[in-house]
Amino acid sequence: MEMLQYSLRKLLAGIPLILGVTLVSFLLMVYFGPDQTYTLLGKNPTPEQIAEVRAQLGYDQPFVTRYAGYLRELATLDFGSSHSTGEPVSALLGRTAPVSLALVAPGFVLGNVLAILLALLAAHHRSRWPDKAIMGLAVVGMSISFLIVIVAFQIVFSSASGLNMFPVRGWGASSLREYLHFVTVPTLAIVFVSLGYNTRFYRSVIVEEMTRDHVRTARAFGTPPARLMLRNVLANCLIPIVTRIVFSIPLIAISGSLIVESYFGIPGIGKATYDAIMVGDQPVLKAVVGLTAVLFVLAQLFVDILYRAVDPRVSLQ
Amino acid sequence: MSAPLLSVRDLVIEFTTEQGVVRAVDGISFDVFPNETVGLVGESGCGKTVTGLSILGLVPRPPGRIAGGRIEFEGRDLVGLDESELRAIRGRDIAMIFQEPMTALNPVFTVGSQMTDVLRRYKGLSRRQARAAAIELLARVGIPAPDRRVDEYPHQLSGGMRQRVVIAMALSCDPKLIVADEPTTALDVTTQAQVLEQLVRLQEEFRMAMILVTHDLGVIAEACDRAMVMYCGRIVEQAPIEELFARPRHPYSAGLLASIPARVDDERRELPVIPGMVPDLLHLPPGCRFADRCGRRLARCDVEQPGLAPAGESRVACFNPVETPR
């Protein structure tokens, strides 16, 4: 009951955020985004044809009407059809979102789990050589551009001059074998790029927790190191860790995979968004922008509820 | 007298700071015998807490390190043992009670979970046995409704309760020695008295030795058999408790005792204070460290460091100790 009330309150509080985000992005879309009229009409259209197409696209309506329409679409989750392909937006999202999720999820999970393990190791050996080695490598990982990592991995794993074990481009997930075939190299690239940032962040959180009195108490009662690091250190710094992980989900789910998808030729939501931006396909953009904002509000709610689960001192009031 | 349980010899503990290496503890020696309570008194920064931590190998390293001396527990030198050897002693042979009950317990686990963790590790109890043992221990340290409290989180308990939980944890494996670092300082006055009383009673009941680290002479008077007065990383006086209070021999001890407000004294005279400041550990005088603040200073005090020498029933590090007629 408490949980339900709290969730409702949080969701209501999220409405201004959604309104703000959609208003600003819709303003940009309408007044500064590409206009599809001439793309659709071809050469030498008559003024009547232009007016007709603009009416079809809804460009002739005043801004307020169009924005209200957008909000109605967001509330009903019905964004109409893509202006460039005619495919219903819901079908487009239903087709591309699972691909993106399947593409990014392994890298995201591995990137965080490995980072936490490395951070625990580094923090445990603070300012001795394992710490210095891990932190040094983290800086190296952070300093190399994502694009270079992708290209380098493609050369190493997917080209005739390298291992030539995986495809450079494409996607398929009809069997586990096929899925692994296509997902491995992108995953390695994602892990490589996120590992440095994640490890540095988690290490600083963990080192901070290690200076706490209760950790000293646990040591004074003979707690073995592995148990100490998990029960007294990691369990106590879950709040910042959970926050970081959950809030990065909306980002990577929608836009984070854009670069990976375009370099590996994968038909995910990032690629679809990129195409929609290039041609000014407003129904698709409206859907992506609106849903990202909604996802953020949901992530915020989810994080707050998780806090309650990881720290008994937090109450949902 | 029987063999000492703990025997500290010429212990030196150094800390590396940005300004240089600081000797927080400079060559102290003392013994603790079975079943006795020894007080370690002195003002903040005199090295008493670090001494307590060093016995369990808990001096934070870096920046701290034990630079010399021995800490023999039952004849075995603890200095230089590695972490796993120290771990086998911590909590089981030697337990520690900390100054800050508010932060000394892990906030995300229940009291019972933290207690059973220790009990199961050292006593090999099953989950259920450990829980029963934890409840019994909580009852023995005077926590009401222990079967309910055992499932509560530290933030649901008061400071006094939390300190009792830490005490219960410390007792749980029948240690031979307890190091209590300012166990009552963070509590309010009424709770202080109760917790201290309990601690003294349990120390007798469990037949343990205890090192009571405190700046509070009242606590020492109530709980200890013997006391050591520390000043600037050195022990300046060691004496049985009645002797220390009746006939303090070091001018610093005498000063400390004189600055306790007397209850019966209704004249509202100003409390005597020890003039001057504790010297900076980075710039210690070549002679006696108390010389600058001492009313009984001799020429010799500025050039030579006094060592502990027997004086009556006490041992005192002073060239011109206070003489109190019997």
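Of the 317 residues of chain A, 30% count as buried, a residue being buried if 20 or more other C-beta atoms, placed from the backbone, lie within 10 Å of its own. The model is a predicted one, in which local features need pLDDT of at least 70, side-chain atom pairs count only at pLDDT 80 or more, and totals for chains, interfaces and linings use all residues. Residues are numbered from 1 along each chain as its sequence is written, while chains are lettered from A and ligands numbered from 1 in the order in which they are written.

**Chain A**

Chain A contains 14 helices and zero strands; helices (H or I, at least four residues) and strands (E, at least two) are DSSP runs, numbered from the N terminus. Its C-alpha atoms fill a box of roughly 85 × 60 × 35 Å along the principal axes. Among contacts in chain A between residues at least 6 apart in sequence, 70% join residues at least 24 apart, where contact requires C-beta atoms, placed from the backbone, to lie within 7 Å.

**Contact between the chains**

Chain B gives 21 residues to the contact and chain A gives 17 residues. On the side of chain B that touches chain A, the elements giving two or more residues are listed below.

| Element of chain B | Residues |
|---|---|
| α2(B) | 83-89 |
| α3(B) | 101-104 |
| α4(B) | 111-123 |

That side of chain B has twelve nonpolar, four polar and five charged residues. In this classification Ala, Val, Leu, Ile, Met, Phe, Trp, Tyr, Cys and Pro are nonpolar, Asp, Glu, Lys and Arg are charged, and the others, Gly among them, are polar.

**Helix packing in chain B**

Helix α4(B) also packs against α7(B) (residues 159-171), at an angle of about 20° and with the axes 9 Å apart. The two helices are therefore roughly parallel to each other, the cut-off for that term being an angle under 35 degrees. The contact involves B:Val111, B:Gln114, B:Met115 and B:Val118 of α4(B), together with B:Val165, B:Ala168 and B:Met169 of α7(B). By class, these residues are six nonpolar, one polar and no charged.

**Sheet in chain B**

Chain B also holds an open sheet of four strands in the order β2-β1-β4-β5, with antiparallel pairing; two strands pair if DSSP finds at least two bridges between them. Strands β2 (20-32) and β5 (76-77) stand at the edges with a single partner strand each, so one side of each is left without a neighbour in the sheet. Two bridges join β4(B) (residues 64-73) to β5(B), and B:Phe73 has B:Arg76 in β5(B) as its bridge partner.

Key. Contact = placed C-beta atoms within 7 Å. Axes fitted to C-alpha atoms, helices over the stretch in contact; angles between N-to-C directions. Parallel < 35°, antiparallel > 145°, perpendicular 65-115°, else oblique. Buried ≥ 20, exposed ≤ 12 C-beta atoms within 10 Å, placed from the backbone.
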